[in-house]
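Look over the sequence and the model below before reading on. The notes that follow are grouped by topic.

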Amino acid sequence: MRRSIDTLILNLTFGIGALLLVLMMVQISVNAVLRAVFGAQLPATVEIVSNYYMVGFSFLPMALAQIKGRHIDASFLHARLGNGLRTAANWLSQILSVGVVGLIIYQSYIDAVKKTKIGAYAVSGTSEIPIWICYWVLPISFTLLLIAMLFFPFTQRSDEEGVQV
Amino acid sequence: MSANVIGFSGLIFLFFLIAMRVPIAISLLSVSFAGITLAFNMNVALGVLSTVPYTFAASWTLSSVPMFLFMGFLAFHTGLTQGLFRAARAWVGALPGGVAIASVLGAGGFSAVTGSSIACAAAMGRIAIPEMRKSGYDDGIATGTLAAAGTIGALIPPSIVLILFGIQAQVSILKLFLYGFYIGVATLVIYSTVIIGLALLRPHLLPRGPVVPLSERFRALVDVWPLLLLVVGIFGGLLTGVFTATEAGGVGALLTALIGFARRTLSYEAFRSSVMDTLLGAGSLFFVAIGANAFTRFVALTGLTNAMNDWIIALAPSAFVLLLLIIVFYLIIGMFLEPVGAMLLTLPLLLPIVHSAGIDTIFFGILVAKLLEMGMITPPVGLNVFVIQSVSDNVPLEKIFRGVTWFLCADLVLVIVMVFLRNFGT
């Protein structure tokens, strides 16, 4: 089960992440070149980069970072705690993380439903860019993060200090 | 309970959670949510959770972070940075401590395509440490040099720390890049001076290399011309106003990919590794940044900023004393936390104080980046030292920390000079 979750999150994050990264790189560059050379711009670049690529790219990789143990923490004191205290500290991380991420899922789901109902959009010049769909990235990404937290919990993390290169 | 008491209690609880190794993002979000709920009610706290993540992420300026990360990883995985050390060694290898100076210069070159000091230390360490050992260098000096040289990665643009500072403090990223470049080059110069001094005092620890013929020196440059082209392309475009600091990341990543494609080094494996490294980097950075934004709201809503302002003004009557306190504070916090986490954690508290003391924000940003990078090589948690240990066949940590001491002293001198030359951003 753990391996399936790992593979699913890895492939999903890599597939969508690579697509968003390449699209963002190309659109930003083409827009900059068009502006510098022809004084023209691709329509709605700022709105699309901000709401589509950046929102996707910001939240989607969080579950992968959880699986790979890459969320930033400070292990200086933790590594020096006795076994019992260290376990208690790991459980504190786990409970708080599940609680906070659960709250974000709840709130972002409510927001996504609200934005979908009103058909939220961003205005670019005279055109309207629908962005309600982008609000769904949050509950989906944070649910993936919650799944990653449950299957790859802080209670099983490595106690070593160090850096992954 | 008054809002101020909640603010201070939240701050203490935040440091407790971080010390207990609760992820920094979760610590910031938990304290902010609980604090705002206590000070107001749960609806206000849920409102913060509702607005902060999306508003933070849906940002045009922030797009430069994944783009510059991608550019750096692409440059590394397509081998664009491989010839840097060899070229630098061909030119300066014959100087006293020449191989060590070459690794510092190599790190300086690598810094121009990466915004991370860990990546810089790891990449240059893998190449330069074995070469320094072959040349008879002392292990402590070789590893210490590379650990310190890595810190230049977060000063010379593009710098992820400086971009995030610019977004958080709402100041020009181009200006931060410009002054980051000056301090990065100054660091490079003082590190090279330290090496020459050490080599003159203790030549047996840093033996001089052979003089390389001029033809071979130019041949070594052939390997690095694509990197030079990339750096000139990006910074030329930036400084001439062809594109903005935000766009420079996208253009730089595309240029790197095109150069890799032209040199036939952009394999699927290189692309996959670059995307994965970028995803992991962004995934961890943005989570902390979202937590820091929520914490900013908590600090403002509980009035903690004003209370701390009064307290700090009473403690530090002048901007100079305040700066000294800030330096000591960041040197201490840098000993325990990694730079982005430490910066995002502390800016909500310190930025308003720095503003009201009339300290130039650009200067403050560069100072914070420099101090936190010094924290990357100070015990007990010196991430660059850990990285260098892992790429150097496990040279004892104590030995690396000892090797770093000279560079830390030089850094302190530079920080003092910076304080006397402050106001350079205005």
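In this predicted model, the largest cavity is lined by residues from chains A and B: A:Ile104, A:Ser108, A:Asp111, A:Tyr135, A:Leu138, B:Leu49, B:Ser50, B:Pro53 and B:Tyr54. A cavity is a set of points, on a 1 Å grid over the protein atoms alone, where a 1.4 Å probe fits but cannot get out, and lining residues have an atom within 4 Å of a point.

**The largest cavity**
- Its volume is about 50 Å³, where volume is the space filled by probe spheres set on the points, with points joined across faces, edges and corners.
- Helix H4 (83-118) of chain A and helix H3 (42-57) of chain B each supply at least two lining residues; helices are DSSP runs of H or I, at least four residues, numbered from the N terminus.
- H3(B) gives the most to this lining, with four residues.
- The lining has six nonpolar, two polar and one charged residue; Ala, Val, Leu, Ile, Met, Phe, Trp, Tyr, Cys and Pro count as nonpolar, Asp, Glu, Lys and Arg as charged, and the others, Gly among them, as polar.
- The structure holds three cavities of 30 Å³ or more.

**Between the chains**
- Chain B has 63 residues in contact (heavy atoms within 4.5 Å) with 68 residues of chain A.
- The area buried between them is about 5,800 Å², and carbon and sulfur atoms give 79% of it; buried area is the accessible area (1.4 Å probe) that two parts lose on being put together, summed over both.
- B:Arg21, B:Tyr54 and B:Trp60 supply 16% of the area that chain B buries against chain A, more than any other three residues.

**The second largest pocket**
- About 550 Å³ of space lies in this pocket; a pocket is an open set of points with protein on both sides within 12 Å along at least five of seven lines.
- Of its 25 lining residues, B:Gly108, B:Gly109, B:Ala112, B:Leu228 and B:Val231 are the closest to its centre.
- H12(B) gives the most to the lining, with six residues.
- By class, the lining has 22 nonpolar, three polar and no charged residues.

**How the values were made**
- Residues are numbered from 1 along each chain as its sequence is written, and chains are lettered from A and ligands numbered from 1 in the order in which they are written.
- Local features need pLDDT of at least 70 and side-chain atom pairs count only at pLDDT 80 or more, while totals for chains, interfaces and linings use all residues; side-chain values use heavy atoms, leaving out hydrogens and water.
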